[in-house]
Amino acid sequence: PWDQSSMANSSFVTEFLLMGFSSLGELQLVLFVVFLSLYLIILSGNITIISVICLDHTLHTPMYFFLCVLSVSETLYTIVILPKMHINLLSVLRTLSFMSCATQMYFFLGFAVTNCLLLGVMGYDRYAAICQPLRYPVLMSRRVCGQLAVITIICGFLTSLVGTTVVFSLPFCGPNKVDHYFCDISPVIRLACANAHVNELVIFIGGALVLLVPLLFICISYGFIVRTILKIPSAEGKRKAFSTCASHLTVVIVHYGCASSVYLRPSAKHTSGKDRLVTVTYTIITPLLNSMVYSLRNKDVQMAIRKMIGKAV
């Protein structure tokens with residue numbers, strides 16, 4: 001425990017050292033090539049989805065509007081973390097200033113929470129389309145969709161502001177080695193030179209609300225969706241109805257599964273090695289799967305891409 005006199009005599013941290021994958025030695029060059037390739041695929045996939053949805057008028061529907069917003073959010077989400085990670089894989093000096101660390105955490109959390117809320121909104125959109133088809137144009141009008149998108153972004157970044165403030169309101173006057181490849185909550189808060197139990201509890205409760213409330217909302221929506229689909233008499237009708245939800249459901253399972261395994265545990269039970277592996281999954285693999293699921297498995301997007309290629313040729 002740090003007392004006030006020792007804290008007063010300590011020099012406060014001005015920069016953090018991101019340890020990341022430094023223990024892997026020459027393997028870092030291999031990781032650089034692999035991660036860079038995946039990052040370029042993520043960017044190209046999301047840019048393709050955004051461009052196709054914006055240019056093809058047949059995709060100007062609520063479902064694809066929210067998919068476009070999600071793709072923009074995920075693109076920015078990866079830009080916050082991955083370029084710096086790639087630089088660190090090739091660099092000996094892996095420092096990040098105190099303010100840069102706080103800024104990275106703020107934007108990472110902001111886009112991450114926004115993505116969670118967007119997935120919840122997309123679940124509601126599927127419920128309205130399948131369970132309330134006659135009222136769907138009113139329930140998901142252009143104005144309502146715009147308002148929902150703005151609300152999710154505002155809520156995401158307000159939540160991020162609270163979380164970042166809770167972490168960086170603590171004094172950092174001792175070790176500055178972050179045992180991660182970016183400024184995530186758990187590895188940073190461990191470096192605080194004060195009792196952080198209350199802060200950790202606030203973050204844990206906030207994380208649980210951010211993850212579980214949208215997930216509960218999605219589960220309830222899909223409960224009604226399944227009940228409605230089972231009432232459809234034809235097998236073909238059931239298949240078509242479910243196919244409109246398959247991509248969203250796949251993304252939800254991967255996204256919430258990875259995020260929950262890291263953020264729904266007390267900080268004391270975190271193990272850095274396993275956390276890095278899981279974090280790689282939801283900072284690289286999840287955005288990669290999202291773009292692939294919505295571009296390769298979605299027939300509407302595939303047709304729109306073919307039309308764009310046909311016009312270009």
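**Rings in pairs**

Guide: Searching the whole structure turns up 17 aromatic pairs. Take phenylalanine 65 and phenylalanine 66: their ring centres are 5.3 Å apart and their planes meet at 65 degrees.

Visitor: Why is the pair of phenylalanine 65 and phenylalanine 66 called edge-to-face?

Guide: Rings of Phe, Tyr and Trp (its six-membered ring) pair if their centres lie within 6.5 Å; planes under 30 degrees apart are stacked, over 60 edge-to-face, and the rest tilted. The centres here are 5.3 Å apart and the angle is 65 degrees, so the pair is edge-to-face.

Visitor: What makes tyrosine 106 and phenylalanine 107 an aromatic pair?

Guide: Their centres are 5.1 Å apart. The planes stand at 75 degrees, and this pair too is edge-to-face. Ring pairs also link Phe16, Phe98, Phe168 and Phe172 into a cluster.

Visitor: Before we go on, where do these values come from?

Guide: This is a predicted model: local features need pLDDT of at least 70, side-chain atom pairs count only at pLDDT 80 or more, and totals for chains, interfaces and linings use all residues. Residues are numbered from 1 along each chain as its sequence is written, and side-chain values use heavy atoms, leaving out hydrogens and water.

Visitor: How do you know where confidence is highest and lowest?

Guide: By pLDDT, the predictor's confidence in each residue, from 0 to 100. Helix H6 (residues 142-168) is highest, with a mean of 95, and helix H1 (residues 4-9) is lowest, at 40. The protein's mean is 84, with 90% of residues at 70 or more. Helices (H or I, at least four residues) and strands (E, at least two) are DSSP runs, numbered from the N terminus.

Visitor: Why is phenylalanine 66 counted as buried?

Guide: Buried means under 20% relative accessible area, exposed means over 50%, and partly exposed lies in between (1.4 Å probe, protein chains only). Phenylalanine 66 is at 0%, so it is buried. Phenylalanine 65 has 32%, so it is partly exposed.

Visitor: What makes serine 73 buried or exposed?

Guide: Its value is 5%, so serine 73 is buried. Serine 73 sits in helix H3 (residues 62-90).

Visitor: Which residues is serine 73 in contact with, leaving aside neighbours within four places in sequence?

Guide: Phe111, Thr114, Asn115 and Leu118. Contact means heavy atoms within 4.5 Å.

Visitor: Why is isoleucine 203 counted as buried?

Guide: Its relative accessibility is 18%, so isoleucine 203 falls under the limit for buried. This residue lies in helix H8. Isoleucine 203 touches Val166, Val167, Ile185 and Ile189, not counting residues up to four places away in sequence.

Visitor: And what is serine 234, by its accessible area?

Guide: Serine 234 is at 37%, so it is partly exposed. Its place is the loop between helix H8 (197-230) and helix H9 (235-263). The serine 234 side chain comes to 3.0 Å from the backbone nitrogen of glycine 237.

**The sheet**

Visitor: What is the order of the strands in the open sheet?

Guide: The three strands run E2-E1-E3, with mixed pairing. Strands E2 (95-97) and E3 (177-178) are the edges, as each pairs on one side only.

Visitor: How do you know that E1 joins both E2 and E3?

Guide: Two strands pair if DSSP finds at least two bridges between them. E1 and E2 have three bridges and run antiparallel. E1 (residues 15-18) and E3 have two and run parallel. Phenylalanine 16 has leucine 96 as its bridge partner in E2, while leucine 17 has lysine 177 in E3.

Definitions and conventions. A polar contact is a pair of N or O atoms within 3.5 Å; within protein, one must be able to donate a hydrogen and the other to accept it, and residues adjacent in sequence count only if both atoms are side-chain atoms.
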